Amino acid sequence: MTDFKKIISHAKEYGFVFPSSEIYDGLSAVYDYAQNGAALKKNIRDYWWKAMVQLHGNIVGIDAAIFMHPTTWKASGHVDAFNDPLIDNKDSKKRYRADVLVEDYCAKIESKIDKEVAKAQKRFGETFDKKQFLATNPRVLGYQEKIDAILKRLGKSLEKEDLQDVKDLIEELEIVCPESGSRNWTDVKQFNLMFGTKLGASADSAMDLYLRPETAQGIFVNFLNVQKTGRMKVPFGIAQTGKAFRNEIVARQFIFRMREFEQMEMQFFVPPGTQKEWYEQWKATRLKWHLSLGMGEKNYRFHNHEKLAHYADAAADIEFKFPFGFKELEGIHSRTDFDLGSHEKYSGKKLQYFDPERNENYVPYVVETSIGLDRMFLAVFSWALREETLDDGSSRTVLKLPSVLAPTKLAVLPLVKKDGLPELAHQIVDSLKWEYATSYDEKDAVGRRYRRQDALGTPFCVTVDHQSLEDNTVTLRDRDTMEQVRVKIDELHHTLDAKLNIKHWLQKIQ
Ligand code: ATP
């Protein structure tokens, strides 16, 4: 996998992601999507929306406002409990998430395990049995035991809000500040992640508001409106994509952890008692969605939560192998009737469903799937970016995006800028642009243009040459194999459709 710095610089150089307000030196953990990035992001969002809403007769989509009545956040628990434990280093004056410091420490032990595995793999060659090695090697077992003990203690102290013990743990593990290298820590404190703002002009009538830290609550408060107006029968789902805001203490790793980001969430309302089955079903369905993009089964894993939020009776993350290791990409949570129940209490309005089959009223249970659009962007982008050595010894940079997500599907290139080739190339663009994002490029030698399209992730290039004028054929070049085939202009659409039509991709999920 490509080096992380290379990923960030490629994203900038090729017009995918820019630091926000860069002429003023940027704003920490805020990013702008550029011409190609906005298209890639939109394609990911569409792929999600089609899979979730269009393909499910019982899921509908909404678009709720970012501002919500402030009581929403009391009811959801965010005012009281949406906190991260933070700790400052007195020498560097840097602020850290205390839990992340401990988790990073464990990740270092985990990389020692990986090293042991790599060593043994080399030694035993083909006969190496990784599973058995992990289960029996005393050194590996020792490392794993240590990790488990540390994470268990961290989980317990966070659950009991025993912040002193979190600090004790950091001190006992002799964790140093990555910046100053010192162990001169402050106490651990809770820090609320919501951004506050004000609604209204005059100081005395202004109302304190929050920018939403998740999109889910816009769905819960609209549960009854949607159920009634859409005549929805439980089980059914409501999906939404939109911005969320969190004042993250440690915002780093590019677009992995941002202060303004976008979520794609779906809340699925089910009869009480059936949530476990639905939870398992949604775990499987969401993994299939990821796998349909062809980014390799081995790059995904489930992480089942031991420590559950107070409202959940089961939770798991789908983790992806980012350049900095396996990390959460999507969460699947069985949230019980906590949210609707709590909004009932705070609003005084009934948020119940009459189930004709059970002949009773109840507050539905909720299974949610929640994925960060920006994090998915990073997963796709970092997986796709490759440095390849070619047969002739030269190298190329190629962005092997799943073609259904590529910002531009096709670039049409006249071999030279004369003899009527540009005109024919424009005609081809004009006939295909209705269906595919198609670009035209006539600058530089054709080899350089291919490289430019490779770096942008364009799956196909069509080259128009002198022969095209005679027999109406063009060369179609495949980004991944670099193979070139001669096809009739009339057949281009048919050939491309087999590779690019979103239908063929989505059918893999079912
Ligand atoms: P983390 O543990 O990484 O902070 P979380 O468990 O708080 O994430 P959720 O509240 O479950 O995350 O949000 C659902 C999804 O939203 C996450 O799986 C992630 O993809 C995305 N997400 C959450 N916080 C951010 C952020 N600051 N920047 C980008 N994406 C985010």
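**Figure 1. Buried residues of helix α7 in the predicted model.** In α7, the residues V140, I147, I150, L154, G155 and S157 are buried. The structure shown here and in the following views is a predicted model. Among the elements that cover these buried residues of α7 are α5 (98-124), α6 (130-136) and α8 (163-172). Helix α7 itself comprises residues 138-159, 22 residues in number. From its first C-alpha to its last, α7 reaches 31 Å, close to the 32 Å expected at 1.5 Å a residue.

Figure 2. Two elements, α2 (35-54) and α17 (492-500), each give two or more residues to the lining. Helix α2 gives the most, with four residues. By residue class, the lining of the second largest pocket comprises eight nonpolar, two polar and five charged residues. Because domain 1 (38-70 + 193-390) and domain 3 (408-506) both give residues to the lining, the second largest pocket lies between them.

**Figure 3. The cis peptide bond at P235.** V234 and P235 are joined by a cis peptide bond, with omega at about 5°. P235 belongs to the loop between α10 (223-229) and β9 (236-245).

**Figure 4. Positive phi at A29.** Although A29 is not a glycine, its phi is positive, at about 60°. The residue is placed in the loop between β1 (17-19) and β2 (31-33). Since buried means under 20% relative accessible area, A29 counts as buried at 8% relative accessibility.

**Figure 5. Positive phi at F254.** F254, a residue other than glycine, has a positive phi near 60°. F254 is located in the loop between β9 and β10 (260-270). Is this residue buried or exposed? With a relative accessibility of 7%, F254 counts as buried.

**Figure 6. Helix α15 and the residue that follows.** Helix α15 spans residues 446-456. Its buried residues are V446, R449, Y450, Q453, D454, A455 and L456. G457 follows α15 and has a positive phi, near 85°.

Figure 7. V60 is part of strand β3, which covers residues 59-61. A relative accessible area of 25% makes V60 partly exposed. Apart from neighbours within four places in sequence, the residues in contact with V60 are V53, V226, M232, G237, I238 and A239. V60 and A425 are 365 residues apart along the chain, and their C-alpha atoms are separated by 41 Å.

Figure 8. Strand β15 (residues 360-362) contains E360. E360 is partly exposed, its relative accessible area being 34%. Which residues are in contact with E360, leaving aside its neighbours within four places in sequence? These contacts are Y353, F354 and D355.

**Figure 9. Surroundings of N472 in a loop.** N472 occupies the loop between α16 (466-471) and β22 (473-478). Its relative accessible area is 47%, and N472 is accordingly classed as partly exposed. With neighbours within four places in sequence set aside, N472 is in contact with Q467, V487, K488 and I489. The C-alpha atoms of N472 and G420 are 13 Å apart in space, and the two residues are 52 residues apart in sequence.

Terms used. Residues are numbered from 1 along each chain as its sequence is written. This is a predicted model: local features need pLDDT of at least 70, side-chain atom pairs count only at pLDDT 80 or more; totals for chains, interfaces and linings use all residues. Side-chain values use heavy atoms; hydrogens and water are left out. Ala, Val, Leu, Ile, Met, Phe, Trp, Tyr, Cys and Pro count as nonpolar, Asp, Glu, Lys and Arg as charged, and the others, Gly among them, as polar. Domain bounds come from an automatic or database domain assignment. The expected span of a helix is 1.5 Å times one less than its number of residues. Buried means under 20% relative accessible area, exposed over 50%, partly exposed in between (1.4 Å probe, protein chains only). Contact means heavy atoms within 4.5 Å.
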